[in-house]
Amino acid sequence: DISRIEGGKISLNRSTVSVVDLLLNVIELNKEFAGQKNIELSFEHPADEVTLEADKDKLSEVFEALINNAIKFTNDYGRVKVITNNLFREVEIIVSDTGIGIPEKDLPYIFQKFYRVSRPGSEISGTGVGLVFVKQMVDLHKGLIIVQSEAGSGTSFIIKLPKNIKLEKSEVKS
């Protein structure tokens with residue numbers, strides 16, 4: 001997928017997507033993994049429907065990667081929280097954990113292909129491409145992703161996705 005994205009050979013299959021439903025599905029898929037580590041997995045969202053014109057499958061993969069990472073890098077009995085905020089022109093999704101965090105020196109590089117944070121004494125498996133895919137998919141959706149983290153105190157990924165993207169320029173006739 002990453003090679004296809006970089007080669008410009010991937011397109012988004014856009015439809016109207018309920019962000020809350022999509023996240024509920026991804027959270028449901030991760031409940032067992034969280035339960036194995038006794039991690040509290042919670043979801044806060046507005047009562048009203050929050051929709052985007054987006055590629056449902058690609059966004060599912062984005063949130064699957066972020067939520068799975070949050071659980072993977074959180075110690076037993078920790079917390080992972082997903083929050084959705086319905087803003088004026090965009091939807092904000094926050095995936096926050098009480099995990100091991102990312103050292104400040106590594107933060108500028110985490111979206112680079114094959115970059116892995118060096119963690120002497122703790123071997124957590126991974127390929128170093130998950131966050132690259134996440135960033136590329138958010139970019140393709142004309143969104144923004146920000147990471148806030150402190151080693152030993154947890155990590156938050158904040159994604160902002162525009163609600164409506166004009167796919168075509170409309171012409172005004174005079």
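The entries below go from the core to one residue and then to a helix pair.

**Entry 1, ground rules.** I am working with a predicted model, where local features need pLDDT of at least 70, side-chain atom pairs count only at pLDDT 80 or more, and totals for chains, interfaces and linings use all residues. Residues are numbered from 1 along each chain as its sequence is written, and side-chain values use heavy atoms, with hydrogens and water left out.

I looked up the largest nonpolar core and found 42 residues in it. A nonpolar core is a set of buried Ala, Val, Leu, Ile, Met, Phe, Trp, Tyr and Cys residues joined through side-chain atoms within 4.5 Å. Buried means under 20% relative accessible area, exposed over 50%, and partly exposed in between (1.4 Å probe, protein chains only). Val-62, Phe-63, Leu-66 and Ile-67 have the most contacts inside this core. Its largest share, 8 residues, comes from helix α3, residues 56-72. Helices are DSSP runs (H or I, at least four residues), numbered from the N terminus.

I then listed the partners of Phe-63, skipping residues up to four places away in sequence: Leu-22, Leu-23, Val-26, Ile-93 and Ile-159. Contact means heavy atoms within 4.5 Å.

Is Asn-68 buried or partly exposed? Asn-68 lies in helix α3 and counts as partly exposed because its relative accessibility is 24%. Leaving aside neighbours within four places in sequence, Asn-68 is in contact with Asn-30 and Phe-33. Asn-30 sits in helix α2, residues 19-36, and counts as buried, because its relative accessibility is 2%. With the residues up to four places away left out, Asn-30 touches Leu-41, Glu-64, Ile-67, Asn-68 and Ile-71.

After α4 comes Lys-142, with a positive phi near 60°.

How do α3 and α4 cross, and at roughly what angle? Their axes come within 9 Å and cross at roughly 140°. Axes are lines fitted to C-alpha atoms, for helices over the stretch in contact, and angles run from 0 to 180 degrees between N-to-C directions. α3 is therefore oblique to α4; angles under 35 degrees count as roughly parallel, over 145 as roughly antiparallel, 65 to 115 as roughly perpendicular and the rest as oblique.

From α3, Lys-58, Glu-61, Val-62, Ala-65, Leu-66 and Asn-69 meet Leu-131, Phe-133, Val-134, Met-137 and Val-138 of α4.

Definitions and conventions
Helices (H or I, at least four residues) and strands (E, at least two) are DSSP runs, numbered from the N terminus.
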